[in-house]
Amino acid sequence: MARLSVRGLRHAFAAGPVVALEALELEPGRLTVLTGPSGSGKTTLLYLLSGLIRPQAGAVVWDGVDLARLPERARDRWRRGNAGFVFQDFHLLPELSPLQNVLMPARFAAFSARRHAGRGAELLRRFGVPDRRRVALLSRGERQRTALARALLLDPAVVFADEPTASLDAAAGRGVAEALQALAAEGRCVIAASHDPDLIALAGRRLHLEHGRIEVFA
Amino acid sequence: MNPVPFVRALLARNPRTIRLFAALVALAAALGIAVSAQERALRQGSARAADRFDLIVAAPGSQTDLLMSAVFLRPTQVELLPGPLAHRVLSDRDAEFAAPLAFGDSHGDSPVIGTTADFVAHLSGGLAEGRGFARIDEAVVGALVEGEIGAALAIRHGHADDVAAGLDADHAAEAHEHEHHHDHGHDHAAEDGHHEDGHHHEDVVITGRMRPTGTPWDRAVVVPVEYIWSAHVMGTGHPPGDERIGPPWQAELMPGLPAIVMKPASVADAYGLRARYRTEASTAFFPAETLIELYAVMGDATRVMLGLTLAAQVLIVAAILAGILAVLDLQRRSFAVLRALGAPRRYVFLSVWLYVAVMVLGGALAGLPLGWAASQLVSALISRETGVAFAATLGWSELAMAGLLVLAGFLLALLPAWRVYRQPVVEGLR
Ligand SMILES: Nc1ncnc2c1ncn2[C@@H]1O[C@H](COP(=O)(O)OP(=O)(O)OP(=O)(O)O)[C@@H](O)[C@H]1O
Ligand SMILES: [Mg+2]
């Protein structure tokens, strides 16, 4: 199975070096949690790994292809085919139903999402999201689980999550953390930036970022 | 790729703002449509009003003035065609018929026009009720004039802002009748005096009502031309004591006339007659042609109007565009999230374009009935003012105009779409 390998990754904003990572392997089946103080570059690293930012130096290799060298269009396509994203504030379309939200990634690829409707509904069932007319009517925990279902619709090999439990209460946060761990257990690479002890406790590996240095705790 | 669900979500996000934008587009469309439909209605309405007036012969003067007074019954200053010449025109054998028109008097808001029974028939194509006038003190009224058959109408001689020289308001005053009698001069016999005594302030009795014509004549009171002549102390064109009305008149007794309508039998005759009476002593013209000349002059005003409309539309479009860009700036995270999920740039481009296009199309479609309603309203107002019936309709040019607006909107929608297309994903996620 393909894995995400990082070599000599270096990316700095004007303010100074932010991320410097000599080597990292994100192999399937493991939940990796990024920790570190605010501003330490957790989000930046997630964007680098997912091809949203092109690193100034180094390589992010997937299945023999260096994402850092791909043009934007190809990186979009890579994310479409291989990556799912979960954000702190869900970023759902509140006007649409949970299922319509979950089906969004299928809309980029095809006119009809019918082929995916069954899987979308099943994911929502699996995460215990009730059927509502609009996402705005869901609880926060339900919304984040909807976002998780959306990230999983096209069965991605890698799941990126940026503080996925930060805006949830403890119980809802635990539910999402367990779901992320379950995803890793299915054989996906799951990498989440988080301060949440519950999520950290479930991690198979922890990366700690501080002052541009990254420490790895297995 | 299917942007529809995403566009639906975007549209549902700020329904009030979007409705406002669509309403502005509708306003812009309606404005253009109303101006254009109105202009066409004016042309058609005025052309129809001039329809029955093939050729007008009158004393030398402004054709526009004559058109206004003879066809549209507006009070304007018109010279009289001298009696003998009028007689010659009226008896011209090359015309299918020729009818005198004498105007200047009024009943309330209605103009009172003196002519012949033949012309009444020609104008209205038959009466809606009653019969034509058979005596000097009988009248046929237009479709919109109030008053039952058999009712008497008081006629005021002369108009406040006066009219045909010689058919002057002051002549109504009996105290002046002799000096004015004198003014009217040489072609009157002394007998006019008693005629005038008999008819000067006399009411006329309604004997019939014309069918609606959609022209200012719907408000006219039409009387025998002899009534007007005699009211202004000019005789009747008939020997004294002869109570007959209508032609033939006697050349040497014939009073002057403001205008004569002729109906030539053929196009060749029309040009022949016009040439014959386009002399130093008289003018002859086709009202339809004069109208076209007027339109040409008005064309400049129309162009200015359309230019102003276009400027207003451009301003509206610019305001909407600025508003849309501001609204989209607030939505940038939605686009960035989709991009992070793998949406290609062209997906967000297409979505934004559709989003704007839906607003433009919806607004333009709403603008069609709105513009139609606006032009109906303006038509009704102008009809009330002029008596000319206007039917403002949506024609191809209005649809084309709305289509052009939609097209412009579609093109301009590329702008916000392009901006979102160019937005870096990571910045939008922050
Ligand atoms: N596009 C950018 N341009 C300049 N500086 C940036 C940019 N993006 C991030 N930074 C800076 O890089 C540093 C790391 O940012 P990042 O968002 O990765 O931190 P983080 O670890 O996710 O913080 P938090 O826990 O608060 O989310 C910050 O100092 C931030 O200001
Ligand atoms: Mg962050």
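This is a predicted model: local features need pLDDT of at least 70, side-chain atom pairs count only at pLDDT 80 or more; totals for chains, interfaces and linings use all residues.
**Entry 1: the interface**

I started with how chain B and chain A meet. I found 24 residues of chain B in contact with 23 residues of chain A. Next I looked up the area. The size of an interface is often given as the accessible area lost when the parts come together. Here chain B and chain A bury about 2300 Å² between them. Of that area, 62% is on carbon and sulfur atoms.

I noted four salt bridges between chain B and chain A. In one of them, the side chain of Glu72(A) meets that of Arg339(B), at 2.7 Å from N to O.

Which elements of chain B give two or more residues to the side that touches chain A? I listed helix H1 (4–13), helix H11 (332–340), helix H12 (345–386) and helix H15 (425–429). I sorted the residues on that side of chain B as well: 15 are nonpolar, three polar and six charged.

**Entry 2: ligand 1**

Where does ligand 1 lie? I found it between chains A and B. The residues around ligand 1 include Phe13(A), Pro37(A), Lys42(A), Glu163(A), His195(A) and Arg430(B). Helix H1 (residues 42–49) of chain A gives the largest share of this shell, three residues. By type, I have two nonpolar, seven polar and three charged residues in the shell.

I checked some distances next. A polar side-chain atom of Ser38(A) is 2.6 Å from an oxygen atom of ligand 1. A polar backbone atom of Gly41(A) lies 2.9 Å from an oxygen atom of the ligand. From chain B, the side chain of Arg430(B) places an N or O atom 2.8 Å from a nitrogen atom of ligand 1. I then looked up how covered the ligand is. Taken alone, ligand 1 exposes 640 Å², and the protein buries 60% of that.

I kept the backbone for last. Most residues other than glycine have a negative phi, and most peptide bonds are trans. I noted one exception of each kind.

Asp63(A) is not a glycine, yet its phi is positive, about 55 degrees. I placed Asp63(A) in the loop between strand S4 (57–62) and strand S5 (65–66) of chain A.

The peptide bond from Pro247(B) to Pro248(B) is cis, with omega near 0 degrees. I found Pro248(B) in the loop between helix H8 (225–231) and strand S9 (259–264) of chain B.

Note on methods. Residues are numbered from 1 along each chain as its sequence is written. Chains are lettered from A and ligands numbered from 1 in the order in which they are written. Side-chain values use heavy atoms; hydrogens and water are left out. Contact means heavy atoms within 4.5 Å. Buried area is the accessible area (1.4 Å probe) that two parts lose on being put together, summed over both. Helices (H or I, at least four residues) and strands (E, at least two) are DSSP runs, numbered from the N terminus. Ala, Val, Leu, Ile, Met, Phe, Trp, Tyr, Cys and Pro count as nonpolar, Asp, Glu, Lys and Arg as charged, and the others, Gly among them, as polar. A residue is near a molecule or strand if one of its heavy atoms lies within 4 Å of it. A polar contact is a pair of N or O atoms within 3.5 Å; within protein, one must be able to donate a hydrogen and the other to accept it, and residues adjacent in sequence count only if both atoms are side-chain atoms. Accessible areas come from the Shrake-Rupley method with a 1.4 Å probe; for residues, only the protein chains shown count as cover.
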